[in-house]
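Dear colleague,

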Amino acid sequence: MLERAEEILRQIEKSAERSYLPIIGPLRGRALAKLVAQFKPKRVLEVGTLIGYSTILIGKELGSDAEIVTIEIRREKAEAARKNIEKAEIKPKVQVIVGDASDVIPRLKGRFDLVFLDGHKSEYLKHLKMIENKLHRGSVVVADNAGAFAYSMRDYLNYVRNSGRYESHFIQLGEDGLEVSVKL
Ligand SMILES: C[S@@+](CC[C@H](N)C(=O)[O-])C[C@H]1O[C@@H](n2cnc3c(N)ncnc32)[C@H](O)[C@@H]1O
């Protein structure tokens with residue numbers, strides 16, 4: 001069954017190369033999948049679905065008792081994501097919400113065990129602060145592009161590293177990387 005997910009991931013990688021879609025890609029994607037396998041979250045929130053590549057990567061590490069809520073501002077991308085996610089036959093329940101994360105996050109109920117931030121880099125801190133009351137001790141926040149776009153998310157990196165609210169570290173992957181922050 002997960003072979004289907006791998007197939008869809010390879011298809012998206014090819015189309016992303018052709019159309020310059022900013023997916024997380026195989027290198028940082030493998031690191032993200034490893035974190036998901038390590039932390040085994042039951043509820044995941046993703047900001048920035050695009051066409052579902054990272055959602056599928058996360059989902060293929062989880063079982064049918066897990067749930068992923070993913071937010072995408074561009075309707076046509078969200079529609080493409082829904083199709084890709086369905087074709088990938090991953091086990092968790094996935095809810096793709098169309099809208100601006102700043103409007104959607106306050107309406108979300110319950111708490112999240114893992115958050116993947118991959119929308120506009122300059123909005124990471126705003127989104128994290130909106131999500132913070134839905135985290136618990138041990139929740140993990142993974143921020144993409146924390147190497148190549150560190151300059152656009154300086155406020156975010158400063159907050160997770162120095163606020164005393166997170167244990168945070170950077171994973172370098174090629175020219176870029178992930179910032180992984182565990183809520184204290
Ligand atoms: C880098 S792409 C996401 C890539 C995707 N996570 C992956 O790895 O396959 C960023 C996406 O975030 C979306 N986005 C940007 N700002 C947003 C916001 N405020 N709320 C929701 N989605 C947003 C963009 O439309 C775009 O599709």
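**The largest pocket**

The largest pocket holds about 540 Å³ of space, a volume being the space filled by probe spheres set on grid points joined across faces, edges and corners. A pocket here is an open set of points on a 1 Å grid over the protein atoms alone, where a 1.4 Å probe fits, with protein on both sides within 12 Å along at least five of seven lines, and lining residues have an atom within 4 Å of a point. This is a predicted model, in which local features need pLDDT of at least 70 and side-chain atom pairs count only at pLDDT 80 or more, while totals for chains, interfaces and linings use all residues. Residues are numbered from 1 along each chain as its sequence is written, and side-chain values use heavy atoms, without hydrogens and water.

Of the 26 residues lining the largest pocket, G48, E72, D118, G119 and H120 lie nearest its centre. Both α3 (53-59) and β2 (67-72) supply at least two residues each to that lining; helices (H or I, at least four residues) and strands (E, at least two) are DSSP runs, numbered from the N terminus.

**Helix α7**

In helix α7 (residues 154-162), Y156, L157, Y159 and V160 are buried, that is, under 20% relative accessible area, with exposed meaning over 50% and partly exposed in between (1.4 Å probe, protein chains only). Seen down the axis of α7, these buried residues fall within an arc of 160°, so they line one face of the helix; the arc is that of the directions from the helix axis to the C-beta atoms. The face turned away from the buried side of α7 carries the exposed residues R154 and N162.

Kind regards
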